[in-house]
Amino acid sequence: MEYSFVNFIFMILVLSLGYIAWLWVREERRINRNRWQLSRRQLFHCNNCHLAFVPKEPVSLCRCPRCNTVCIRRRNDLSPAPSMEKKS
Ligand SMILES: [Zn+2]
């Protein structure tokens, strides 16, 4: 194998791309490990002001932080989350 300047530049390019790919994979793993996960069972939805919030403690009854209305979480409340889309 002949060592030339072109081969040297090509090797540097390949090593740089490999290093960038390794950094990318490492960043993706870090993001997946630290991703927030919100359980639908912890999410409260105020019927008065339509605010969705998570209480500080795992309770089934609390007050809305915006309008102070009592919000009740039903046991089998699996209704879909309120949509953020505009209704036309
Ligand atoms: Zn409210």
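**Reading the fold**

Modeller: Followed along the sequence, the protein chain has the pattern α-β-β-β-β. Please keep in mind throughout that this is a predicted model.

Biologist: How many helices and strands are there in the protein chain?

Modeller: The order of elements along the sequence is α-β-β-β-β. Counted by type, the protein chain holds 1 helix and 4 strands.

Biologist: Which element of the protein chain has the highest mean pLDDT, and which the lowest?

Modeller: Over the protein chain the pLDDT averages 82, and 77% of the residues score at least 70. Residues 81-88 have a pLDDT below 50, and beyond near neighbours in sequence this stretch has 6 contacts in the model. Among the elements, the highest mean, 94, belongs to helix α1 (residues 5-33), and the lowest, 86, belongs to β1.

Biologist: What distance does α1 reach from its first C-alpha to its last?

Modeller: The helix α1 has 29 residues, and at 1.5 Å a residue the expected reach is 42 Å. The reach in the model is close to that expectation, and its value is 42 Å.

Biologist: What is the count of buried residues in α1?

Modeller: A residue has to have 20 or more other C-beta atoms within 10 Å of its own to be called buried. Of the 88 residues in the protein chain as a whole, 2% count as buried. The helix α1 is hardly covered, and among its 29 residues the count of buried ones is 0.

Biologist: What share of the contacts in the protein chain with a separation of 6 or more comes from residues 24 or more positions apart?

Modeller: This share is taken over the contacts in the protein chain whose separation is 6 or more. Within that set, residues 24 or more positions apart account for 22%.

Biologist: Is H50 buried or exposed?

Modeller: H50 sits in the loop between β1 (44-45) and β2 (52-53), and although H50 is not a glycine, it has a positive phi of about 60°. Inside 10 Å there are 11 C-beta neighbours, so H50 counts as exposed.

Biologist: Where does N68 lie, and is N68 buried or exposed?

Modeller: N68 is also not a glycine, yet it has a positive phi of about 65°. The loop that holds N68 runs between β3 (61-63) and β4 (70-72). Because N68 has 10 C-beta neighbours inside 10 Å, N68 counts as exposed.

Biologist: How far apart in space are L43 and P58, C-alpha to C-alpha?

Modeller: L43 has its place in the loop between α1 and β1, whereas P58 is found in the loop between β2 and β3. With 15 C-beta neighbours inside 10 Å, L43 counts as partly exposed, while P58, with 10 such neighbours, counts as exposed. The two are 15 residues apart in sequence, and their C-alpha atoms are separated in space by 10.0 Å.

Biologist: Why does I72 count as exposed?

Modeller: The place of I72 is in strand β4. I72 and V59 are 13 residues apart in sequence and, C-alpha to C-alpha, 9.2 Å apart in space. I72 counts as exposed because its number of C-beta neighbours inside 10 Å is 10.

How values were computed. Residues are numbered from 1 along each chain as its sequence is written. This is a predicted model: local features need pLDDT of at least 70, side-chain atom pairs count only at pLDDT 80 or more; totals for chains, interfaces and linings use all residues. Helices (H or I, at least four residues) and strands (E, at least two) are DSSP runs, numbered from the N terminus. A residue is buried if 20 or more other C-beta atoms lie within 10 Å of its own, exposed if 12 or fewer, and partly exposed in between; C-beta atoms are placed from the backbone. Two residues are in contact if their C-beta atoms, placed from the backbone, lie within 7 Å. pLDDT is the predictor's confidence in each residue, from 0 to 100. The expected span of a helix is 1.5 Å times one less than its number of residues.
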